[in-house]
Amino acid sequence: MALRIDQDHSRFKQIVRGKIKANLRKYVQQGEMIGKKGKETISIPVPFIDIPHFKYGSKEQGGVGQGKGEVGDQLSPGEGKPGDGHGKAGEGEGEHALEVDISLDELAQILGEELQLPNIQHKGTEKIVTQKIKYTGIHTIGPESLRHFRRTYKQAMKRQISMGTYDPNNPVIVPVREDKRYRTYKLENLPETNAVIIYMMDVSGSMGDEQKEIVRIESFWLDTWLRHQYKGLESRYIIHDAVAREVDRETFFHTRESGGTMISSAYKLCRDIIKADYPASSWNIYPIHFSDGDNWSADDTRLCVEMLKTDILPTVNQFAYGQVESPYGSGQFIKDLREHVGDQANVALSEIADKDAIYGSIKDFLGKGR
Amino acid sequence: MPKGLTPRLNDLKNEIEGYAREFGLDCFETVFEILSYDELNMVASYGGFPTRYPHWRWGMEYEQLSKSYEYGLSKIYELVINNDPCYAYLLEANAEIDQKLVMAHVYGHCDFFKNNFSFRHTNRRMIDEMANHATRVRRSIDKIGIEKVEDFIDRCLSLENLIDQHAPHIRRNPDPKLAEEQSKANDRVGGFKVDREYMRGFVNPQAFLDSQRKKVEDEKAKAKKFPERPQRDVLLFLLDHAPLEEWEFDILSIVREEAYYFAPQGQTKIMNEGWASYWHSTIMTTRALRDSEIIDYADHHSGVMGSAPGRLNPYKIGIELFRDIEDRWNKGRYGKDWDECDDLRARRNWDKKLGNGRQKIFEVRKHYNDITFIDEFLTPEFAIEQKMFTYGFNEKHNAWEIMDKEFRKVKAKLLQSLTNFGQPVIEIVDANDDNKGELRLAHKHEGTDLKGDYARETLRNLQSLWRRPVTLVTKSENKGIALRFDGTTHTEKKVEL
């Protein structure tokens, strides 16, 4: 049924979309959007949707709270922040929250629209759709095999207490038919497309925190987009200085090593991973490499180019190289790549000077639709 | 579509209403309507009024309410409108016990709306008035176009809190005729009348004449100043003096009127919710509850009273304070004897069996607002029992922390957060600043700085209404600064305060 509010609601959504679009650059630059909350949703602050008032800066203001705790105890996040929010909406008007929840999927769509990204042409594999059972709710009828024991028990106990037949000394709970609760499920279609991102990053001494932050933000957006395109995306992480090793995500973004740089070590490992786990016939493969462009020697660079040409490029959807500007790096590597493999269709090269350049760089990487 | 009550619910309503009257609650006639959850979310988004002018922020509110309802984060139980008759909405899907609880709660609010002094000047036909506002705004939209009108509404809303919340109770600007007569009567520049010329120097010594002359001149200088004294009702000032177009004037006056209508609800949040909760609890536990409903009732009641750890829940503080007052007045724990008694044992066992509690809380609900309520009835014992504390942001740990549990500080902080809705006091001090028709505002700095970026954006909005440059004088990090926006650029200047 159409409600009067629908008009205002859709207007608001238009504005939000407009806002997100207008501010997207800013978010990408500031990395405000990173930090997944829960499973899928993330909160995006939309600053000007809150109509500006003359008001106090909240950090200086503080307030009064209630509850356990001693002086000096920290309030956990979300607690005690100024503002109002509880189950009952009173008759007045509340404070407007600043955040709009949108799912990663929606976010990816907006990103796609904003950057005019083409949808990716899935490689080779035929789409096998599998069905998956997901337990989504509770119902009062159902097969005994799906009975939810705890809910049923609770219901029976509640009933017995209120009927006065519950005896704490002899706590026997006997459920009757009305007490029983059953799980219900839904069938979900899962398209079976396989994709993997192999992240590689140079962690040699010349990559500072600022450079890593850029890598982190950029990875987040690439990840979001590819996840939107492929259900069930896998990620692998490789860090390298003079030698390469595979690590978990946490380590990938936080390690800082020192020493020299041999990019070939990473490419070698990448090649091995692809060979071992991801046969090119059924996998969409995205190796992405970030570095400051400083390689150990021209020989090593030659080795890299060789490996790309013969082993990596023929198997992957797209090889992406992002060069982060650093005060120490020579930035030579991207020039070499451009010279030797720049004309290949599935190579994307991008130079990222600072946070502002991330926006353009994402477009470089994803603009080809591969 | 809103539906009337089912016969069963109507019986319940009559039952609960009977209890309310029995306890002495004095309500407007109350009309209940049943809504489905999305309709209830809609009405709640409109601030309780089913007919409101079109604006995106209702949509924003709706988005939040419906999302949080769908995710099971929160649910609106009840919605009451201060109007005669009082309108209240029930959620269709609620169980009977919930409807009873809500009805009892609603009668509490209703009684409060009718009797608390803060609401005395509110329009009791606000439902109709809101519908009129909607019509007027729609007419403007038809004529001017949605973009322009909505944009203007946004700018007005940005200034919405710049009202003088006590204005409905006070006459700030004296009648001009009367003021003139008074000033004439005070006009003694010529000195007193002298019958004998040789007495003149004694009746009207030169020093006296000079001082009178100076007084009058000061008075005149003041009158030249515009506005004569600082003006807190910025919206009214703009209505009276800003070069607005007719439709702009119309919309600004709508925004102002609605801001004044909602202001008392902000001023009495703790009391209003406390009072309603006190009554739903009293009515339910002493009258309306059936045995089989007790678990659900306890569950929902505690849900309303519970606060997120570290939060202050107005429902909880309100109901506990009313109970505390009732208890103290029942036992005679007030007055000189009580205040001067230092004997802890005597204090603990103090009970004069006066039984004045009920009568007292009825008085309190009539004559107090949140500030006076807290100021007068928040006792050290109460603060300790309720585990109240102040919190603040610790820059060193980059986290919110519990700062203090000392009673005086807790109370001061709480009162501060209630004063002017916890918002900065900002007044127009000069509308002809620098003799160039510029608007000058001053922030009464009470120890907390303004949020700078918001202040600048708000100045921009203010400037767009006033058309001439606007300046706000405030303090930042203990230094006086003047923020200025001239229509194109923001500037910042140090000033001596």
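This is a predicted model: local features need pLDDT of at least 70, side-chain atom pairs count only at pLDDT 80 or more; totals for chains, interfaces and linings use all residues.
Gly65 of chain A stands opposite Phe389 of chain B, which sits in strand E4 of chain B.

Now the rest of the contact between the chains. On chain B, 79 residues are in contact with 50 residues of chain A. Which element gives the largest share of the chain B side? Helix H3 of chain B, residues 56-70, with eight residues. By class, the chain B side has 34 nonpolar, 26 polar and 19 charged residues.

Next, chain B itself. Chain B has 497 residues, and 39% of them are buried. Its secondary structure consists of 21 helices and ten strands. If you take the contacts in chain B with a separation of 6 or more, 70% of them join residues 24 or more positions apart.

On to the cores. The largest nonpolar core has 76 residues, and Ala104(B) and Tyr107(B) have the most contacts inside it. Helix H4 of chain B, residues 96-115, gives the largest share of this core, ten residues. Why does the core lie between two domains? Domain 1 (7-116 + 268-299) and domain 4 (306-418) of chain B both give residues to it, so it lies between them. As for Tyr107(B), leaving out residues up to four places away in sequence, it touches Ile16(B), Glu17(B), Ala20(B), Leu25(B), Cys27(B), Thr30(B) and Trp279(B). Another core lies apart from this one, with 53 residues, among them Tyr237(A), Cys304(A), Ala348(A) and Phe365(A).

Last, a sheet in chain A. Six strands form an open sheet in the order E8-E7-E6-E9-E10-E11, and the pairing is mixed. Strand E8 (244-247) and strand E11 (347-352) of chain A are at the edges with a single partner strand each, so one side of each has no neighbour in the sheet. On average, neighbouring strands are turned by 20 degrees against each other, direction ignored. Inside the sheet, E9 (residues 284-291) and E10 (residues 319-324) of chain A pair in the parallel sense over four bridges. Ile288(A) has Ala320(A), in E10(A), as its bridge partner.

Two helices lie across strands of this chain. Helix H5 of chain A, residues 209-229, lies across E6, E7, E9, E10 and E11 of chain A, at about 175 degrees to E6(A). Helix H9 of chain A, residues 333-341, lies across E9, E10 and E11 of chain A, at about 155 degrees to E11(A).

Technical notes: Residues are numbered from 1 along each chain as its sequence is written. Chains are lettered from A and ligands numbered from 1 in the order in which they are written. A residue is buried if 20 or more other C-beta atoms lie within 10 Å of its own, exposed if 12 or fewer, and partly exposed in between; C-beta atoms are placed from the backbone. Two residues are in contact if their C-beta atoms, placed from the backbone, lie within 7 Å. Ala, Val, Leu, Ile, Met, Phe, Trp, Tyr, Cys and Pro count as nonpolar, Asp, Glu, Lys and Arg as charged, and the others, Gly among them, as polar. Two strands pair if DSSP finds at least two bridges between them. A nonpolar core is a set of buried Ala, Val, Leu, Ile, Met, Phe, Trp, Tyr and Cys residues joined through C-beta atoms within 7 Å. Domain bounds come from an automatic or database domain assignment. Axes are lines fitted to C-alpha atoms, for helices over the stretch in contact, and angles run from 0 to 180 degrees between N-to-C directions.
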